[in-house]
Amino acid sequence: MELSNPIAVWLVLGLLLMLSEIIVPGGIVILLGAACVIVASALALGIIEGFVQSMTLWFMASMVLLLSFRHVTQRLVGGDSHVANTDEEVDLYNQVATVKEAIGPGQQTGRIHCFGSDWVALGDGTEIKVGTKVRIICRDNIGFVVEPIIDSI
């Protein structure tokens, strides 16, 4: 193949892009390769000639193919689709922690152990002693607001 033959260049480029879909899945590269094959076909039929017309057709064909068939290739290729909880506050509510440094009285902060590390905590105004089990009410900046767990008999 010589580089002076634009039909062969577009055809080989299109086939390489289509084959690269195996390595780079997602459904986009195969459509770009199909647009290259369309340009090679148009050049072979004499519909277009020259570099500028070839690039223009490639851009237009790429856009049409991407907008028309992206959902089809996406369904064939698949991909990761995982929706996780984006509201961390919901996960924190009602979690049980242990007091590591006394909390209170009043607005005096202490420390709790939760989620594998120690956190700053603020109580309900009463004094909460070390070793007490507390329930997380909400988050306050980088700390937590907690209340002691009252054991019911």
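**Surface and core**

Modeller: Leu19, Ile22, Ile23 and Val24 make a nonpolar surface patch of about 460 Å². Patch members have over 30% relative accessible area and no salt bridge, and nonpolar side chains are joined within 5 Å. A salt bridge means a side-chain nitrogen of Lys or Arg within 4 Å of a carboxyl oxygen of Asp or Glu. Areas are Shrake-Rupley values with a 1.4 Å probe.

Colleague: What should I know about the model itself?
Modeller: It's a predicted model: local features need pLDDT of at least 70, side-chain atom pairs need 80 or more, and totals for chains, interfaces and linings use all residues. Residues are numbered from 1 along each chain as its sequence is written, and side-chain values use heavy atoms, leaving out hydrogens and water.

Colleague: Is leucine 19 buried or exposed?
Modeller: Exposed, with a relative accessible area of 55%; the cut-offs are under 20% for buried, over 50% for exposed, and partly exposed in between.

Colleague: New topic: how many residues does the largest nonpolar core have?
Modeller: It has 13, and Trp10, Ala35 and Trp58 are among those with the most contacts inside it. A core joins buried Ala, Val, Leu, Ile, Met, Phe, Trp, Tyr and Cys residues through side-chain atoms within 4.5 Å.

Colleague: Which helix gives the most to this core?
Modeller: That's α2, with seven residues; helices here are DSSP runs (H or I) of at least four residues.

Colleague: And what does alanine 35 touch?
Modeller: Trp58, Ala61, Ser62 and Leu65, not counting residues up to four places away in sequence; contact means heavy atoms within 4.5 Å.

Note on methods:
Patches are made of residues with over 30% relative accessible area and no salt bridge: like charges are joined within 9 Å, nonpolar side chains (Val, Leu, Ile, Met, Phe, Trp, Tyr) within 5 Å. Buried means under 20% relative accessible area, exposed over 50%, partly exposed in between (1.4 Å probe, protein chains only). Helices (H or I, at least four residues) and strands (E, at least two) are DSSP runs, numbered from the N terminus.
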